[in-house]
Amino acid sequence: MKFFLIFFVVFMSCSAQNSIYDNLKEAPVNGGFEMENYWVWGSSVIKGEDGKYHMYASRWPKFLPFHPGWMIQSEIVHAVSNTPIGPYRYVDIALGNRGTQYWDGKSCHNPKIVKYKDTYILYYMGSTHPFEDVTADNINAFNLSSKWCIAARWGKRIGIATSKSPYGPWKRSDSPILNVKPNSYYSFLTSNPSPLIKKDGAVVLLFKGRSYKEDGIKQSDMSIGVATAPSFDGAYTVLGDEPLFSMERFGEVEDPHLWSDDDGYHMIAKDQRGLITGGKGDGLLAHSKDGINWVIDKSPKAYTKTVKWDNGKTIKQGQLERPFVFVEDGKPTHIFFATMNGPGGFGNGTKTWNMVIPLK
């Protein structure tokens with residue numbers, strides 16, 4: 001099966017009608033989710049049968065540097081709120097450390113929660129490494145080029161966990177659902193899953209891939225691919241040999257998120273270098289009739305790092321990533337982000353949290 005991404009060369013301005021950008025309200029200062037002594041990142045929210053809003057997010061201890069600490073000690077936690085805005089209250093660890101012998105034994109990250117019939121499905125990226133844990137005693141040896149990170153990055157794969165309740169227990173897959181493929185744009189790793197389950201149970205899955213560079217050591221820039229499966233627990237097949245987005249195809253994109261509403265299928269993502277939206281790190285929008293063939297919106301800019309807060313302040317966030325659009329009763333009602341304070345750059349912030357902006 002072939003798939004296509006149609007790109008509009010001439011963009012309309014952000015003031016044109018835009019389903020997200022034109023509908024952003026003020027961000028509640030006391031909304032979202034944060035945890036003392038932890039870096040918190042990347043949320044995904046679903047409404048349970050109990051009427052509460054269940055958030056799944058990544059966290060890892062702050063004695064580790066933000067990056068690449070997530071790579072070796074991230075776990076997915078579960079938090080609950082009576083409203084979509086929050087604040088969300090920590091409940092438990094959904095997916096944590098389960099040992100080096102598992103493909104996802106040391107790190108679980110970037111969750112996306114969906115439901116089909118009576119089953120909750122938690123998509124995530126997992127990884128492992130065969131070494132001792134990083135502690136305060138050996139932290140000086142830990143960096144992106146250390147043994148821990150080399151092994152953990154190389155092992156990044158996509159998997160699922162399932163439960164009949166948002167409170168768990170979660171049954172984790174013993175092997176990834178989307179592995180790497182030699183001589184492909186995802187020969188090095190697969191990561192950052194974004195699923196969309198259709199009414200018949202079939203799945204469309206966007207994912208991030210990287211390939212080996214020619215020297216066989218370093219990894220390539222990011223690419224975004226699409227895979228399908230007949231059901232969430234079925235076999236996943238990557239469509240085509242070319243990605244939807246890459247440096248060679250329209251520009252480097254990260255953190256895609258899919259949702260559907262009364263108007264069809266939609267995607268929001270981070271425009272890594274600003275080649276599509278014109279703003280580095282700004283959000284882009286695309287739409288589709290089938291989840292496979294995508295068209296960039298005529299007014300593609302979904303958001304910028306500049307956020308208006310409900311205390312009257314307007315702040316350019318240090319980081320604003322992992323966009324997640326929450327849909328209720330067929331309409332997008334809120335957009336969630338992982339965010340960081342500071343002037344920008346993962347090494348320059350002192351605090352991270354998951355924030356939320358209501359939509360008009």
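Close-up 1. E34 is partly exposed, with a relative accessible area of 46%, where partly exposed stands between buried, under 20%, and exposed, over 50% (1.4 Å probe, protein chains only). This is a predicted model in which local features need pLDDT of at least 70 and side-chain atom pairs count only at pLDDT 80 or more, whereas totals for chains, interfaces and linings use all residues. Residues are numbered from 1 along each chain as its sequence is written, and side-chain values use heavy atoms, with hydrogens and water left out. K351 forms a salt bridge with E34, their closest N and O atoms being 3.7 Å apart; the term requires a side-chain nitrogen of Lys or Arg within 4 Å of a carboxyl oxygen of Asp or Glu. K351 lies in the loop between strand 21 (331-340) and strand 22 (352-358) and E34 in the loop between strand 1 (5-6) and strand 2 (38-47), so the pair ties together parts 317 residues apart in sequence. Strands (E, at least two residues) and helices (H or I, at least four) are DSSP runs, numbered from the N terminus.

**Close-up 2. The salt bridge between E328 and K47.** The side chains of E328 and K47 meet in a salt bridge at 3.0 Å, N to O. This pair links distant parts of the chain, with E328 in strand 20 (residues 319-328) and K47 in strand 2, 281 residues apart. E328 is buried, at a relative accessible area of 19%, whereas K47 counts as partly exposed at 37%.

Close-up 3. The side chain of D271 reaches the backbone nitrogen of G274 at 3.2 Å, and one of its polar atoms lies 2.9 Å from the backbone nitrogen of I276.

**Close-up 4. The salt bridge between E252 and R273.** The side chains of E252 and R273 meet in a salt bridge at 2.8 Å, N to O. E252 lies in the loop between strand 13 (237-238) and strand 14 (253-261) and R273 in the loop between strand 15 and strand 16 (283-288), so the pair ties together parts 21 residues apart in sequence. E252 is buried, with a relative accessible area of 5%, whereas R273, at 38%, counts as partly exposed.

Conventions. Polar contact = N/O pair within 3.5 Å; in protein donor to acceptor, adjacent residues only side chain to side chain.
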